[in-house]
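Trainee: I'd like to learn how to read a model like this one. Could we go through it feature by feature?

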Amino acid sequence: MYFVIAGGGEVGFHLAKALLESGHEIMLIEVDRHRAQWIEEQLGSVVLNAAADEGRYQLEAGCQRAEAVIAVTGMDAANLVICQVAKWRCNVPRVIARVNDPKNEIVFKALGIDETISSTRVIMGVIEQELPTGGFMPLMPLTGSHLELIEAEIASGAPSAGEKVPALGLPRGSAIGGIVRKGGVVHADDDTAVEVGDRIIVLAPTKDESDVKKALLG
């Protein structure tokens with residue numbers, strides 16, 4: 001497969017290296033001349049020293065035959081423009097953007113970006129999952145929608161403990177997909193009461209993530 005990577009920082013460099021080692025073809029677009037030269041010394045002639053947010057350079061990189069364009073610069077605005085150019089100018093079937101500020105993910109989705117990756121969100125999810133007061137982890141965004149899957153562990157003292165599903169106060173447009181309890185899956189209907197130790201799987205609008213957390217964990 002052929003991939004175009006925009007941004008030759010640490011993320012872009014290691015992604016390019018991993019894809020090459022897996023047998024894929026890549027072209028990496030990096031605007032900084034010295035960084036581009038260094039990457040070429042490490043990986044070979046797979047680097048284009050240019051601005052990835054300009055359509056002519058994406059075309060030069062071969063984006064029209066790419067399976068995906070992956071924008072991983074350190075600037076959210078640049079990643080958004082790069083993905084939009086790839087999608088509308090090069091008709092790339094899939095665009096993936098690194099998002100540094102998790103609050104920008106909903107904007108990227110609204111503007112047609114297929115996939116977003118937020119290291120901040122992932123790390124915070126891992127940290128919160130390990131807290132003794134219960135975990136809260138956004139699992140994944142759903143492609144082509146403004147929805148995401150969320151997992152929340154109910155700790156003692158949480159406002160949802162002991163409440164039945166209709167009384168949880170989840171935001172409008174949210175739904176419980178299931179409850180993991182003692183190693184099994186419990187179907188969540190109107191008569192199901194939440195117990196301490198339950199892991200609740202919620203489908204919710206991305207913009208309402210904080211409201212889901214408040215309703216379940218306080």
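Trainee: Which residues of helix 4 are buried?

Mentor: This is a predicted model, so take each value as computed from it. The buried residues of helix 4 are Asp-76, Ala-78, Asn-79, Leu-80, Ile-82, Cys-83, Val-85, Ala-86 and Lys-87. For the general idea, an α-helix has 3.6 residues a turn, so residues three or four places apart point the same way.

Trainee: And what do the buried residues of helix 4 pack against?

Mentor: Two of the partners are helices, namely helix 3 (55-60) and helix 5 (105-110). The others are strand 1 (2-6), strand 4 (68-71) and strand 5 (95-98).

Trainee: How do I check the length of helix 4, and what span should its 14 residues have?

Mentor: Count 1.5 Å a residue: helix 4, residues 76-89, should then span 20 Å, and because its end C-alpha atoms are 20 Å apart, the two agree. Helix 4 is followed by Asn-91, which has a positive phi, near 55 degrees.

Trainee: Let's go to the loop ahead of that helix. Is Val-72 buried or exposed?

Mentor: The cut-off for buried is under 20% relative accessible area. Val-72 has 8%, so Val-72 is buried. You'll find Val-72 in the loop between strand 4 and helix 4.

Trainee: What is Val-72 in contact with, leaving aside its neighbours within four places in sequence?

Mentor: Val-72 is in contact with Ile-5, Ala-6, Gly-7, Val-11 and Gly-12, and also with Asn-79 and Arg-98. Asn-79 is one of the buried residues of helix 4. As for Val-11, it sits 61 residues from Val-72 along the chain, yet their C-alpha atoms are separated by 6.7 Å.

Trainee: What about charged residues? Where is Arg-181, and is it buried or exposed?

Mentor: Arg-181 belongs to strand 9, residues 175-181. Its relative accessibility is 18%, so Arg-181 counts as buried.

Trainee: Which polar contacts does the side chain of Arg-181 make?

Mentor: Look for two partners. The side chain of Arg-181 joins that of Asp-198 in a polar contact of 2.7 Å, and it also reaches the backbone oxygen of Ala-193 at 2.9 Å. Beyond four places in sequence, Arg-181 touches Val-186, Thr-192, Ala-193, Val-194, Glu-195 and Asp-198.

Trainee: Finally, the whole chain. How many helices and strands does it have, and how much of it is buried?

Mentor: The chain has seven helices and eleven strands, and buried residues make up 46% of its 218 residues. Its C-alpha atoms fill a box of roughly 60 × 30 × 25 Å along the principal axes. The accessible surface comes to about 11,200 Å², with 55% belonging to carbon and sulfur atoms. On charge, there are 20 positive and 30 negative side chains, and the centres of the two sets lie 2 Å apart.

Terms used
Residues numbered from 1 in each chain as written. Predicted model: local features only at pLDDT ≥ 70, side-chain atom pairs only at ≥ 80, totals over all residues. Heavy atoms only, no water. Helix = DSSP H or I, 4+ residues; strand = E, 2+ residues; numbered from the N terminus. Buried < 20%, exposed > 50% of the residue type's maximum accessible area, 1.4 Å probe, protein only. Areas by Shrake-Rupley, 256 points an atom, 1.4 Å probe, with all protein chains shown as cover. Lys, Arg positive; Asp, Glu negative; His and termini not counted. Charge placed at Lys NZ, Arg CZ, Asp CG, Glu CD. Expected span 1.5 Å × (residues − 1). Contact = heavy atoms within 4.5 Å. Polar contact = N/O pair within 3.5 Å; in protein donor to acceptor, adjacent residues only side chain to side chain.
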